[in-house]
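Hello,

I am passing a structure on to you, and you will find the sequence and the model just below. After that come some notes on what turned up in it.

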Amino acid sequence: MKKSCPNCKGNGHITVDTKTCPDCDGTGYADTINMKNHFKGINEKAKKHFDLEATEEIPCEQCHGKGIINVYEECKQCHGTGEINVCKTCGKEIDDKYEYCRDCHMKNKEDKMKNENKKEEKGKYKQIVWVLDQLCGMSDLELENVYKGKVTRVEKYGVFVSLNNQVWGLMRTGNPKQKVGDSIFVRIIQIKERKHEVDMAPARLDNYELKTLKKDIKRTQIGSLTEDNLKSVVKLQAQVIQIQQTSGPTIFTITDETGITWAAAFDEAGVRAYPEIEIEDLVEIIGEVNTHSGKIQIESQSIEKLDPNDAESLKELIDKALDERAQPEDVDFLIESPTLDKLKPKMYEAAKAIRRAILDGRTILIRHHNDADGICSGVAMEKAVVPILKEINPDNEAEYHYFKRSPSKAPFYELEDVVKDLSFALEDLDRHGQKLPLIVLLDNGSTEEDIVALMQAKIYDIEIVVIDHHFPGEVVDGRVAVDDYVDTHVNPYLVGGDSQITAGALATEVAHIINPECKDLISHLPGIAAVGDHAESKEAEDYIKLAGEKDYDREQLDKVAECIDFESYFLRFMNGRGIMDTILGVDNIDKHDKMINALYKEYRRRVDNQLKAAIPNLKKSKLDNGIYFNVLDVEKYAHKFTFPAPGKTCGFVHDSVVQSIGEDKPIVTLAYGPDFGVIRATDAVNEMFGFNLNDVIPKIAVKVPQSGLDGGGHECAGSLKFVEGLSEDVLSTFADEVKALTKKE
């Protein structure tokens, strides 16, 4: 950039000396003039004002009257041009061919790169567009921020824009092109809080990002919600445990660390709201507190999944809290027993698993053997679980929706049973959004016959609790074969006990741990189970004495047990809730005696009728080893398709023989049909000869492999199944095994 030379002031030269003016020789004047000669033509009167006789000297044009002149030389800085080239930025003198000095050139280059980067970044920058949640008000708006809204009204002077149900404003514009219902981006230009008005301007964006602006309200715990909170807006953070689509709203059952409640969401009648939300998702729900069927319910305004970090933290919080709530109280057993003391950790583990399932909103699915012992087990568990379920779950029909009890014909978990259970469970998951259940097996589940069904349930990762007293096979390091397929296993054999502590007793003790308040209601059930299962042990006698405290003597216990067996035959696969409660004396107490008297009379008539047909046709023999061996063909010599069934018939026939010979004698009774066999034996056979049906069956299977032999049970009571064509081979082999038994040394 050119500017005047500061050295020569733009002259191109500087003064270096002075000299006498050569034109005037230093006088400073070039000539003189006579003034009179310059006033010709002027009247005399005017001339009087001037001195016309004087003379005037004329200054020298060269030195301007000074008499000296300056001596100059060319300016060395600008080389006589009078101008120099300087940097456009800092003004520093530079070479003529440049516009900027080196430093400014480099700085300009850097600035240019920065500007280009800024321009590039500006192209990448996304304008944030806020979407107000339903709780936000005018006070949450900020000037110049951009918001997403919806056109709700159109006028000549502009459009009214709603940002949510509480905030709206006017965007002034001539001849608006928008229509009601259009989404629009607006910039806030003025907020008039007193008038409750907001002025807006259109925001035209090419690159933007939508973000939800949430009202920052404090989290409320479900357990703290009461009717005092009605109509107030709350924020809940919880886990979804069930999703149910009704003909109207979608109902989300949710739980946090303090309780369970419902959240209703509505888009269209019968249409699933928030389809992205699934069972076990951790969510944040904002809504108004209301009631439904007398229970607290949230009318949701928004439901959103929590981000992964918040979800993980909440999951840990809920798990820890529910784990603590699921921990049962430390209570004493109903009787004293070293075996129960050893089983205590497993029993508490089972109780905690059941309590935790209730808190998790999972269905408790009880499967029990369809006899006196199994039914006592199931009813005891029902009386412990249902009150807790009704207290915790908001569903008024929770005891029907979240608790199911079903009997099993066989003393093990059959494929027929597991197929039904899985079918209903998967249907409930699909139709009603329920979690997969906790399966609790009572008086079955411990034997190798159970494994196939257990494996099928485990394919769906269903948690399984087993409380049983059947022989589970060889115990190695406290574990048996089924332990690979169950989560919690309670069985006396695992701690050196045996089957003489019944499943009814074990289940009642676990039920007492789950809910100590049910103790008085169910304390007599182990006595019924002990008598019904012919248990002989100190524990069995103690439970019978315990029942005596409620006026149940042994005879009455035996009647109740026999009435249970009788009624269960006709109930078949129904649980008999209500009827069984009356028979067991846990409900409808006033009808208990009448029910027992009516059933027992018919029970005895049918048993006596069966024995009249069976006893004369019983083949009795005493083997060389001293065992009394009795055989009955129930297909030919017993009434079919009525009570008592073949298994019970075998038991009655066996008891008849025992009464005539003596309990201390080694007696084995076999009742058989075309493709099955039922075995009963006295404890003396086990004690004197080491007889164990579960050891005999594998030997027969090896000797008659083509028979497809299956079966099992207790050491001295159980059943066989085989193909009909090899009936003679299987039964004769069993007889040979009994004959081959030798007394213990």
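Lysine 383 and aspartate 581 form a salt bridge, with their closest N and O atoms 2.9 Å apart. Lysine 383 belongs to helix α5 (residues 372-392) and aspartate 581 to helix α14 (residues 579-584), so the pair ties together parts that are 198 residues apart in sequence. Lysine 383 is buried, at a relative accessible area of 15%, and aspartate 581 is buried too, at 2%.

Before going further, please note that this is a predicted model, in which local features need pLDDT of at least 70 and side-chain atom pairs count only at pLDDT 80 or more, while totals for chains, interfaces and linings use all residues. Residues are numbered from 1 along each chain as its sequence is written, and side-chain values use heavy atoms, with hydrogens and water left out.

As for the terms, a salt bridge is a side-chain nitrogen of Lys or Arg within 4 Å of a carboxyl oxygen of Asp or Glu. Buried stands for under 20% relative accessible area, exposed for over 50%, and partly exposed for what lies in between (1.4 Å probe, protein chains only). Helices (H or I, at least four residues) and strands (E, at least two) are DSSP runs, numbered from the N terminus.

How many salt bridges does a search of the whole structure find? The search finds 40. One of them joins lysine 315 to aspartate 319, with the closest N and O atoms 2.8 Å apart. Both residues lie in helix α3, 4 residues apart, about one turn of the helix. Lysine 315 is partly exposed, at 27%, and so is aspartate 319, at 25%. This pair also sits in a network of salt bridges that links Lys315, Asp319, Asp323, Lys352, Arg356, Asp360, Arg362 and Glu463.

Helix α3 (residues 308-326) has 19 residues and reaches 26 Å from its first C-alpha to its last, close to the 27 Å expected at 1.5 Å a residue (the expected span is 1.5 Å times one less than the number of residues). Its buried residues are Ala311, Leu314, Ile318, Ala321, Leu322 and Ala326. Seen down the axis of α3, they fall within an arc of 130°, so they line one face of the helix; the arc is that of the directions from the helix axis to the C-beta atoms. These buried residues pack against β14 (233-245), β15 (250-255), β17 (282-292) and α4 (338-360), where contact means heavy atoms within 4.5 Å. The face of α3 turned away from the buried side carries the exposed residues Asn309, Glu316, Lys320 and Glu324.

**Histidine 592**

Histidine 592 has its place in helix α15 (residues 589-614) and is buried, at 6% relative accessibility. A polar atom of its side chain lies 3.1 Å from the backbone oxygen of isoleucine 583. Beyond neighbours within four places in sequence, histidine 592 is in contact with residues including Tyr552, Gln556 and Val560.

**Cysteines**

With a disulfide taken as a pair of cysteine sulfur atoms within 2.5 Å, the count comes to 0. Cysteine 63 is buried, at 2% relative accessibility.

Best wishes

Definitions and conventions:
Polar contact = N/O pair within 3.5 Å; in protein donor to acceptor, adjacent residues only side chain to side chain.
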